[in-house]
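Please look over the sequence and the fold before reading on.

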Amino acid sequence: MQFPYQSPDFGRYKKVFKQSVFLTMRDGVELAVDIWLPKNLPAGTRLPCLLHQTRYWRGAELRWPFSAMGDGLLGHEGKMVRELVLHGFAFVNVDCRGSGASFGSRKHPWSPDEVQDGYEVADWIVQQAWSDAQIGTIGISYTGTTAEFARSLAHPAIKACMPLFSLYDIYDDIALPGGIPHDGFVVEWGRANATLDKNELPVKDPLIKLLVRGVSPVGRGPAAQARLQAALEDHKR
C-alpha cells in the first residue's frame, strides 16, 4: 500500500549503519558528527541528506550489556532517524561546538560561529561519495532554529528547511513572554545544558543513568575516550 509522501525507496533498505568522524572548522574547532546511512548501500548510490545540528548530544553511549542491543537510535528522535534513513535519506547529526563530543566553547546559543559551522558541514556533505548534493535541514525547538539558521546561509546545496518547531523570537517565545521573566524555564534549561556539557545526564531516574554512560564518543577505545575528555575540558571555557 502506498502512503502519501512515502519515498519510492521505502522497503529497499532493511537496516541502518553509523559512521562517526570529526570535522575541522575554519578556526580549528573539531565537531563530532554521526553519519547514518542504509546498511550495505550499493556502490555508486547517492542519497539526499538531512542535516541536524544539536546542542543536546547527537547520541548516547550505552553501558554494557545495553550497548550490544539494537542500533543505538533511542527514543522518538531515534525512531525518526531510522525511518528517514530506511526511506532512502542520509542523516548527518552534529554536536554543535562546545557541546556533546565536539570541541570548542559556547558564548551563547546560536552564536555566529555556530551558525557558520552549518555552511562548512554542508560543504563537507556534498563531497561525500554517498551524497547527491541535495541537503535538507531538520530539527525541533533548539535544533529547529539551527535548521533555519543553516538555511539562511544560502548554501547552494541546502534546498529545504523542515523545522518541526522553532523559536521565532527568543524574547517573546521563551525569555520574557508578555514581559515577565520566565525564570522557571530559562534557569533550569541553563542548568540542564551545563550538566550535559560536563557529560552528565540532567535526570534523577537511576534506571536511565544505569542505561546511559554519557555522550557517544567519536570512535571506540582509549584514544576515543581521551579525545572526549579533551573536548569536555574545552567546554569549560
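## Basis of the model

This is a predicted model, in which local features need pLDDT of at least 70 and side-chain atom pairs count only at pLDDT 80 or more, while totals for chains, interfaces and linings use all residues. Residues are numbered from 1 along each chain as its sequence is written, and side-chain values use heavy atoms, with hydrogens and water left out.

## Paired strands

Strand β3 (residues 47-54) runs parallel to strand β6 (residues 131-140), and 4 bridges join them; helices (H or I, at least four residues) and strands (E, at least two) are DSSP runs, numbered from the N terminus, and two strands pair if DSSP finds at least two bridges between them. Leu 51 has Thr 137 of β6 as its bridge partner, and Thr 137 in turn stands opposite Cys 161 in β7.

Between β6 and β7, which also run parallel, there are 6 bridges, and Ile 138 has Met 162 of β7 as its bridge partner. The chain passes from β6 to β7 through helix α3 (residues 142-152) in a right-handed β-α-β crossover, a term that applies if, with the strands pointing away from the viewer, the path from the first strand over the helix to the second runs clockwise.

## Helix α3

Just after α3, Ala 154 takes a positive phi of about 60 degrees.

Phe 165 is found in strand β7 (residues 158-165), and because its relative accessibility is 42%, Phe 165 counts as partly exposed.

Phe 10 lies in the segment before β1 (16-24), and this residue is partly exposed because its relative accessible area is 46%. Leaving aside neighbours within four places in sequence, Phe 10 is in contact with Leu 86 and His 87. The C-alpha atoms of Phe 10 and Val 85 are separated by 9.5 Å, although these residues are 75 residues apart along the chain.

Technical notes
Buried means under 20% relative accessible area, exposed over 50%, partly exposed in between (1.4 Å probe, protein chains only). Contact means heavy atoms within 4.5 Å.
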